[in-house]
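Please look over the sequence and the structure shown here before reading on.

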Amino acid sequence: MLRNGVSLGLVQFMDQEERHQLGLNTPFQRLARHMQDVLGDGGIHKEVVREGEGPLVPRDASVSVHFSGFLEYADQPFESTRGSKFPKLMKLGKDVTLWGLDISLRTMRRGEFSRFLLQPRFAFGELGCPPLIPPGATVLYEVQVFDYLDSAKVDEFFELSLEEQNLVPLSTLLSVVKTERSFGNRCFEQSYYDDAKDRYKQAMMLLRNREPADEEEKKRVEEASLPILLNLSLTYLRLEKPRKALQFGQRALEISPGNTKALFRCGQACLEMNDYEKAQEYLTMAQAKKPFDTDINNLLRKLAHRYNEELDKEKHMCSKMFSALKLEK
């Protein structure tokens with residue numbers, strides 16, 4: 001097919017000035033006409049495919065996002081996060097390094113899906129990024145924001161010295177700890193257990209470093225520590241490190257003796273270590289508090305089954321030993 005005497009197949013090999021001289025509009029140029037000019041200078045254009053909700057993504061947020069970048073005339077993306085099952089949290093200005101993409105994300109809301117056209121100065125510049133990105137390339141990004149966490153307070157807090165951290169109001173510390181735990185929960189939900197563990201341990205470190213001013217403050221620090229210790233115990237079970245899981249479960253019991261979740265976690269850990277006696281002790285105490293809990297009762301049945309299997313193995317081994325002795329006689 002010809003347009004202004006030029007085959008459309010040849011258009012992709014022409015630069016923007018050559019196309020302009022021939023009066024040709026590229027697909028990206030046609031697309032830009034129906035998009036919003038984000039900055040008013042033509043550098044970034046936006047098309048909302050699916051509306052989001054809530055406030056805009058803040059400047060210092062960590063964003064749970066999927067995106068794919070396309071060159072003009074390309075069917076396949078030159079980069080994409082879609083290969084992973086779950087979107088990872090990416091911090092603006094750190095993990096998201098492309099200037100135009102950083103700006104674009106800050107125009108979005110939770111749940112939004114949008115397309116962005118980025119001119120070279122907001123993308124890879126006039127030099128491009130050979131061999132993947134040609135010089136002076138305009139790029140299209142398809143972006144989906146699932147959620148975000150505003151980590152500005154966390155960043156500011158970690159810039160303080162230990163002495164300064166102890167001087168801030170406890171409410172500020174607990175807010176930072178809550179955000180760190182939220183990061184950990186997000187990682188755990190997406191099966192990034194090592195990342196979750198690191199976030200939970202970071203939160204625990206902040207609480208351990210706090211020097212309580214009085215008994216009331218000590219109580220609030222312990223209350224904030226309990227769910228994180230339980231999270232750590234479960235995370236170490238997922239990482240197949242039952243000894244560590246038991247340690248954090250026991251620390252949770254020091255704060256809240258008789259806590260059903262802590263007893264259950266300790267029982268799980270002991271079962272994984274084949275310490276059937278201790279597992280039964282923890283699980284029986286948990287069952288006494290919640291006699292109709294399905295998880296506790298199922299684990300007790302699993303414990304009984306495993307214990308009986310071990311007894312059968314021992315009986316079989318003893319039987320073989322006695323048989324061998326009889327043959328020798």
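What follows describes a predicted model, one topic under each heading.

Ser62 is part of strand β6, which covers residues 61–71. The relative accessibility of Ser62 is 6%, so this residue counts as buried, the cut-off for that class being under 20%. Leaving aside residues up to four places away in sequence, Ser62 is in contact with Leu89, Met90, Lys91, Asp147, Tyr148, Leu149, Ser151 and Phe183.

## The second largest pocket

The second largest pocket has a volume of about 390 Å³. Its lining comprises 19 residues, and those closest to the pocket centre are Ser62, Leu89, Asp95, Phe183 and Arg199. By class, the lining divides into ten charged, five nonpolar and four polar residues.

At least two lining residues come from each of β8 (89–91), α5 (152–158), α7 (170–189) and α8 (193–209). Domain 1 (35–150) and domain 2 (153–325) each contribute at least three residues to the lining of this pocket.

## Aromatic pairs

The count of aromatic pairs comes to seven. In the pair of Trp99 and Phe122, the ring centres are 4.7 Å apart and the planes meet at 35°, so the pair is classed as tilted. Because Trp99 belongs to helix α4 (residues 99–105) while Phe122 sits in the loop between β10 (113–118) and β11 (139–150), the pair ties together parts that are 23 residues apart in sequence. Phe122, at 4% relative accessibility, counts as buried.

Elsewhere, one aromatic cluster is formed by Phe67, Phe78, Phe124 and Tyr141.

Methods. Residues are numbered from 1 along each chain as its sequence is written. This is a predicted model: local features need pLDDT of at least 70, side-chain atom pairs count only at pLDDT 80 or more; totals for chains, interfaces and linings use all residues. Side-chain values use heavy atoms; hydrogens and water are left out. Helices (H or I, at least four residues) and strands (E, at least two) are DSSP runs, numbered from the N terminus. Buried means under 20% relative accessible area, exposed over 50%, partly exposed in between (1.4 Å probe, protein chains only). Contact means heavy atoms within 4.5 Å. On a 1 Å grid over the protein atoms alone, a cavity is a set of points where a 1.4 Å probe fits but cannot get out, and a pocket is an open set with protein on both sides within 12 Å along at least five of seven lines; lining residues have an atom within 4 Å of a point. Grid points are joined across faces, edges and corners, and a volume is the space filled by probe spheres set on the points. Ala, Val, Leu, Ile, Met, Phe, Trp, Tyr, Cys and Pro count as nonpolar, Asp, Glu, Lys and Arg as charged, and the others, Gly among them, as polar. Domain bounds come from an automatic or database domain assignment. Rings of Phe, Tyr and Trp (its six-membered ring) pair if their centres lie within 6.5 Å; planes under 30 degrees apart count as stacked, over 60 as edge-to-face and the rest as tilted.
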